[in-house]
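Hi,

Here is the structure I promised you. Have a look at it first, and my notes follow below.

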Amino acid sequence: MGNDMNVLFNLPARENELFRVEIDKAIQDVLDSGYYLLGNHVKAFEQEFAGFCEAANCVSVGNGTDALEIALRSLGVMAGDEVITVANAGGYATTACNIIGAVPVYVDVNRADLLLDIDQVVGAVSPITKCVVATHLYGQAVDVVRLREKLDQAAYSHVKILEDCAQAHGASIGDRPVGSMGDVATFSFYPTKNLGALGDGGAIVTNCAEIAHSCLQLRQYGWQSKYDSAVPFGRNSRLDELQAAILRVKLKHLPELNAKRRSAIEFLYQACKPYVDVVTLPSASSAGHLFVVRHRQRGKIRAELSLHGVASDIHYPLLDMDQGSMQEQPYRVMSMDHSVTASEEIFSLPCYAGIDTAELQYIGRVFDLYISKIV
Ligand SMILES: *Cc1c(COP(=O)(O)O)cnc(C)c1O
């Protein structure tokens, strides 16, 4: 077997091509309407997406990081407040904390799924803790219902929960979709996410009318009505009509897109499990976002994969507190054992809705023929 294939890590154009006719029509629609911001498509998308999440309200914004910042502010998080989160999830919550001046407090993750270790959260709460950011990493859902129970039992009912759902549109815990369990939830529609726009986009979802109202003001200059700014820290972060119209098309197809990702995970799991530890086990409750594995000889395996045309990536190579940007910023760390080892061993293989069977089979053959020889 020569180097006869090149498997890219991601190619969102493939899934958008599937819906080209519908997407073209959506774009024409916006052009014809002459309405570009906060129009009917945004309103309709917000309603439809709230429905999808089984939540009462959706406020769309410019991207997933703005969504985190605005959602944290809507919970009353201010400079100096503590926000409990994990250090292995790409640093987005940390970025939002930095903008606000809030202090991230990092707890460890479970050894198996690399999600927030719920049992460590209560021990990390201090008198200035405002919120826990629970990140539904790699498409897998954190059991937010159990997290809420734990906090309540410890008399921390005032500590809010923000679900970061940027990697998990459509994941669930039991019959509860992510985004419906915490006080507030945030989403990104970056092109490679499970629900991806043709550019940037984000949303905040909540069952609480006051939080939604606060987010509406914060996303547009703090306005309570036109030119009348009622609250501080408002800014401009809007989803545009074009992206909303496109997202409406793709939201209709999200269940089938997630099913494709989950079946890619099922295939890769069978193909790779003899050789590496699989982090993202196949599961009907996962949205199916990334396919993540781990091995002590990560560097060697990735080099061999690359030699045979199979792309891979690391999500994520550096923990938040090890980023250069955090060296002068305040933070607190609880135990980090599993996060540290995982960051040295994990890597991700190509897994997206548009990946085809031939590519998946090729990855399987590369593991059987070459990776088998070096592990
Ligand atoms: C992508 C992502 C974000 C940020 O989304 P942007 O739209 O790129 O700002 C936040 N959290 C997680 C977990 C993500 O994967």
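Between domain 1 and domain 2 there are 34 residue pairs in polar contact, both residues being at pLDDT 80 or more. A polar contact here is a pair of N or O atoms within 3.5 Å; within protein, one must be able to donate a hydrogen and the other to accept it, and residues adjacent in sequence count only if both atoms are side-chain atoms. Helix H1 (12-18), strand S2 (82-86), helix H5 (92-100), strand S3 (103-107), helix H6 (121-124) and helix H9 (241-272) each bring at least two residues to the side of domain 1 that touches domain 2. S3 gives the most to that side, with 5 residues. Helices (H or I, at least four residues) and strands (E, at least two) are DSSP runs, numbered from the N terminus. Sorted by class, that side of domain 1 has 23 nonpolar, 17 polar and 10 charged residues. For the classes, Ala, Val, Leu, Ile, Met, Phe, Trp, Tyr, Cys and Pro are nonpolar, Asp, Glu, Lys and Arg are charged, and the others, Gly among them, are polar.

A word on the source: this is a predicted model, where local features need pLDDT of at least 70 and side-chain atom pairs count only at pLDDT 80 or more, while totals for chains, interfaces and linings use all residues. Residues are numbered from 1 along each chain as its sequence is written, and side-chain values use heavy atoms, with hydrogens and water left out.

As for the domains themselves, domain 1 covers 14-252 and domain 2 covers 253-374, with bounds from an automatic or database domain assignment. Their centres, taken over C-alpha atoms, are 24 Å apart. In contact terms (heavy atoms within 4.5 Å), 50 residues of domain 1 meet 45 residues of domain 2. About 3,800 Å² is buried between the two domains, and carbon and sulfur atoms give 53% of that. Tyr106, Tyr138 and Asn194 supply 20% of the area that domain 1 buries against domain 2, more than any other three residues. Buried area means the accessible area (1.4 Å probe) that two parts lose on being put together, summed over both.

On to salt bridges (a side-chain nitrogen of Lys or Arg within 4 Å of a carboxyl oxygen of Asp or Glu). The structure holds 18 of them, and 2 are counted between domain 1 and domain 2. What about Arg14 and Glu359? Their side chains meet in a salt bridge at 3.0 Å, N to O. Arg14 lies in helix H1 and Glu359 in helix H12 (residues 357-374), so this pair ties together parts that are 345 residues apart in sequence.

Around it, with a heavy atom within 4 Å, are Asn63, Gly64, Thr65, Tyr92, Thr135, Asp164, Ala166, Gln167, Ser188 and Lys193. A polar backbone atom of Gly64 is 2.7 Å from a ligand oxygen. Asp164 places a polar side-chain atom 2.7 Å from a ligand nitrogen, and Gln167 has one 2.8 Å from a ligand oxygen.

Two backbone details to finish. His315 and Tyr316 are joined by a cis peptide bond, with omega about 10°; Tyr316 sits in the loop between helix H10 (298-307) and strand S14 (332-333). Glu54 is not a glycine, yet has a positive phi of about 55°.

Cheers
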